[in-house]
Amino acid sequence: MPGSFRLFRVAGIDIEVNISWLIILALLTSSLALQWFPDIADGYSPVAYWTLGLVAALALFASVLVHELAHSLVARSRGLPVKSITLFIFGGVSNLEREPRSAGVEFQMALVGPVASAIIGGIALGAWALVGSASPLVAAMLLYLGASNLLLAVFNMIPGFPLDGGRVLRSLIWKTTGSLRRATLWAARIGQGVAILLILVGVWLFFAVDLIDGLWFGFIGWFLLQASQAENTQVMMESLLKGVTVRQVMSPPPTVAQGDLSLQQLVDAYVLPYGIRSIPVMSGDTFIGLTTLEDIRRVPRERWADTPASAAMTPVDKLRMARDDESLSDALPRLVAGDVNQLPVVDAFGRLIGMLSRDAIIRYLEVRRGLGMESERQAAERLVAPGAPRAYGDERTPATS
C-alpha cells in the first residue's frame, strides 16, 4: 500500500503502518481521552485520560493485528504466500499474493479473523468483570477493548465482500456452484449493495444525526464499493489467464549492460537513444541486477562518469522477478504490487530470458479478444487495470464503523 513503512516482522510476515493510520490513531486517542474515559470514570486528571486513551487506541490496533495475523497464519499454513500486514485508517489488511485454491480454505481463512476478535473481546470483558470498581480507569479500558473487539467481529461478518462475512458467503456459493468466478461475481454484487447502503446511511447520519459518524459510514461504504469491484476484476483477470504461462506472454530478452559500464555511458548509449527506462545489468553472462531511471537519478550527475552501473542498480536478491514456467496469474500480482511496469523473467537456472510487462499482457488479451476467445463482457472487464495483491480481511476499527 503506497505511503506505508515497515515496523517489524512477526512469524516471517512484515508488519507495516500506513501514514493514514496516524490520523485514526490521533482521532481515536482524542475521542477516548475527551469522551469515553471521562464519562465512564470521572475524577481523574487530563494527563491520565490522554495517557490511557493512547494506550487503549494502541491496544485496539494490536487486537486488529491479531485478527489479521489469524488470517495470515491460516493462509500460510494452506500454502498461500503472505507478503505483509498493513494497518491503515480503516483498520488492517493482510496482503496475499493469490486467492485461496478451494472453498474450504477460503471459509477457514475468512472465519478465523472474527473468531480471534470475538475471543479477545470475551477475554477483555471477563477481565473487566473481575476488575470491577477496584480500578475504574483500567475497568473502562477493558470495557472499551471488549466491546470494540466484539463489534469488530460482528461488523466484519456482514456479508459485504471483501469483508470476512462476504468471503464466507463467497466460499459457500463457491462450494455450491463449483465456480470461483461465479461466486465472486455474486459476492461482489452483494458487497456493492451493502456498500451503497452504508453510503446512504452515511448521508442520512451526516445531515440528520452526527456529521462525523456520517462521514465515517460514507467513507467505509465507498471503500467497500471500490474494493469489491477491484476483487471482481482481479478474479476475472485470473480466469482469463488460467493456464497461461509467463513464457507465452513475455517479451524477448532485452538490451543488457555490463556492470562496469559507467552511468554516463549507460545514459548516452542506451537510455537517451532508445528511450529505455530500465536496463538489466550483467556480470559476464550472469544477471546481477536492474538499473532504472530512478536509480540513476539518485546519483549526483557530476558522479555519473565514475559510477558503474553495478553501484546504482537494484541487485537480483531484492528484485521482484518471474519464472518462465510459472502461471501468469501468479506473476501478475507481483507486477502490480511493486507498482512496476515490467518484471525480469528467469529460467530454472536463474538466467535472464525475457521481460514480463503490463503492455505485453494487454497485447496478449487484445489478441485473445481479436480471435474471439473472450466474450464482450469479459473484454470490458479486463480493460480495467489489473488488481493489486490479495487484500484479505479489510478489517475496520469500531471507531470507523
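Reader: Is Asp-347 buried or exposed?
Author: Asp-347 is buried, at a relative accessible area of 10%. Buried means under 20%, exposed over 50%, and partly exposed in between, with a 1.4 Å probe and protein chains only. This is a predicted model, where local features need pLDDT of at least 70, side-chain atom pairs count only at pLDDT 80 or more, and totals for chains, interfaces and linings use all residues. Residues are numbered from 1 along each chain as its sequence is written, and side-chain values use heavy atoms, without hydrogens and water.

Reader: Which residue forms a salt bridge with Asp-347?
Author: Arg-351 does, with the closest N and O atoms 2.8 Å apart. A salt bridge here is a side-chain nitrogen of Lys or Arg within 4 Å of a carboxyl oxygen of Asp or Glu. Arg-351 is partly exposed, at 48% relative accessibility.

Reader: How many salt bridges does the structure hold?
Author: It holds 8. One of them joins Arg-323 and Asp-325, at 3.1 Å between the closest N and O atoms.

Reader: Which residues are linked in a network?
Author: Arg-6, Arg-9 and Asp-14 are linked by salt bridges. Asp-14 and Arg-9 meet at 2.6 Å, N to O. Asp-14 is buried, at 17%, while Arg-9 is partly exposed, at 46%.

Reader: New topic. What is the strand order in the open sheet?
Author: The order is β9-β10-β11, with mixed pairing. β9 (322-323) and β11 (352-357) are the edge strands with a single partner each, so one side of each has no neighbour in the sheet. Strands are DSSP runs of E, at least two residues; helices are runs of H or I, at least four; both are numbered from the N terminus.

Reader: In which sense do β10 and β11 pair?
Author: Antiparallel, over 5 bridges, with β10 covering residues 342-346. Two strands pair if DSSP finds at least two bridges between them. Leu-343 has Leu-356 in β11 as its bridge partner.

Reader: And the surface? Which residues form the nonpolar patch?
Author: Val-203, Phe-206, Phe-207, Leu-211, Ile-212, Leu-215 and Phe-219, with about 680 Å² of accessible area together. Patch residues have over 30% relative accessible area and no salt bridge; nonpolar side chains (Val, Leu, Ile, Met, Phe, Trp, Tyr) are joined within 5 Å, like charges within 9 Å. Accessible areas come from the Shrake-Rupley method with a 1.4 Å probe, and for residues only the protein chains shown count as cover.

Reader: Which helix gives the largest share of the patch?
Author: α7, with 4 residues. α6 (180-208) and α7 (211-240) each supply at least two. Leu-211 lies in α7 and is partly exposed, at 44%.
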